[in-house]
Amino acid sequence: MYSDFKKFLQTEIEEIKNAGLYKGERIIVSAQGAVIKLENGKEVLNFCANNYLGLANNKQLVDAAKEALDTHGYGMASVRFICGTSDLHKKLEAKIAEFFGTEDTILYAACFDANGGVFEPLLGEEDAIISDSLNHASIIDGVRLCKAQRYRYANADMQDLEKQLQEAQKNRFRLIVTDGVFSMDGNVAPLDKILALAEKYNSMVMVDESHSAGVVGETGRGVTELFNKRGEVEIITGTLGKAFGGAIGGFTTGKKEVIDMLRQRSRPYLFSNSIPPLVAAAGVKMVEMMSSTNELQDKLHFNTKYFIDKMNKLGFDIKPTQSAICAVMLYDAKLSQDFAAALQEEGIYVTGFYYPVVPKDTARIRVQLSAAHEVEHLDKAIAAFEKIGKKLNVLK
């Protein structure tokens, strides 16, 4: 059987390559940061990491992780409810709840697991999930695991959301689900309007803060802070793998009863090992740092505005953004790959995104700004974009 299946896979892979859609992996041999070292020995400026606050190699987080290795060991070798819960896990859960202004928190191995495990334990076939069309794949997969009736509204389109909510009035419980920041475009969900519609149509709201926590809002507490709605959302999911240190781990935080039910029935929580104590310890340190100073958020916001203003002045087609994501639209898949490869030759490390990661004919280079970047890093990247943009006839 496998000989036939092998031929099928080889044909499929070859078609992906011929369409210019094959995704390779580039190997980094240094710590994550504004400057990274590649396997070929070349140093480049990294503009495609989720390292929004530059904490991936932060000494305070590294030291906290090292200390936890000495005191709590390497791993728990268990799921949480058997013998996999340490004091560090509980401390981090409390810190996250305090940070977002929620009642309780549950940790997962990744936010993919948090989103995969949140819907099925809470909602049944009498209920409704109303989901933004550009929500992350993990939300889509989580919804598929749930028997609730599914509704979808156009990205951040409140008129369409209202229409779907009207349709869903026949259902018992209704949950509106949205990303806080949509990772490919960088736009922020209009949470104030979503909450207003939720109140009008007696619905609950869930927000995935993965690309917004640490980034959006004056102190980085995400879209609930940006719209002055802290504590008003029933469910928030997020990750420790982006702005919050960049390692591994996800979480769901929100209403106490919701979190309690997830502890009882959420399968990715019940059947996955606890996150390593060293990750939990670094997470605790991270929240303490973010709660004591706004220096990193201020720098990130400055860097983002500086870069986008300069790129707009050059004439690049930039998606409107309120986040640290700058989508440089190129539309053609091959062009996005050629542009990214040429930028790497200039010492700028980015990635071209194209179908199926984004819709067909919307290929782009997603630039992600970081508090680790200095102005000279930004200027070098802008100059490289201008040079390659003219060379490839993107700029006139």
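**Close-up views of a predicted model**

**View 1. Asp132 and its surroundings.** A polar atom of the Asp132 side chain sits 2.8 Å from the backbone nitrogen of Ala156. This is a predicted model, in which local features need pLDDT of at least 70 and side-chain atom pairs count only at pLDDT 80 or more, while totals for chains, interfaces and linings use all residues. Residues are numbered from 1 along each chain as its sequence is written, and side-chain values use heavy atoms, with hydrogens and water left out. Asp132 belongs to strand β4 (residues 128-132); strands are DSSP E runs of at least two residues, and helices are H or I runs of at least four, numbered from the N terminus. Asp132 is buried (under 20% relative accessible area with a 1.4 Å probe, protein chains only; exposed is over 50%). Its contacts (heavy atoms within 4.5 Å) include Tyr153, Val177 and Phe182.

View 2. In α10 (residues 256-265), Val258, Ile259, Leu262 and Arg263 are buried. Seen down the axis of α10, these buried residues fall within an arc of 140 degrees, so they line one face of the helix. The arc is taken from the directions from the helix axis to the C-beta atoms. Glu257, Gln264 and Arg265 are exposed on the face turned away from the buried side.

**View 3. Phe307 and its ring partners.** The structure holds 13 aromatic pairs (Phe, Tyr or Trp rings, the six-membered one for Trp, with centres within 6.5 Å; planes under 30 degrees apart are stacked, over 60 edge-to-face, the rest tilted). Phe47 and Phe307 have ring centres 6.2 Å apart and planes at 25 degrees, so the pair is stacked. Phe307 is buried, at 0% relative accessibility. Phe307 also pairs edge-to-face with Phe385, at 6.3 Å centre to centre and 75 degrees between the planes.

Notes:
Lys and Arg count as positive and Asp and Glu as negative; His and the chain ends are not counted. A salt bridge is a side-chain nitrogen of Lys or Arg within 4 Å of a carboxyl oxygen of Asp or Glu. A polar contact is a pair of N or O atoms within 3.5 Å; within protein, one must be able to donate a hydrogen and the other to accept it, and residues adjacent in sequence count only if both atoms are side-chain atoms. Lists of a residue's contacts leave out its neighbours within four places in sequence.
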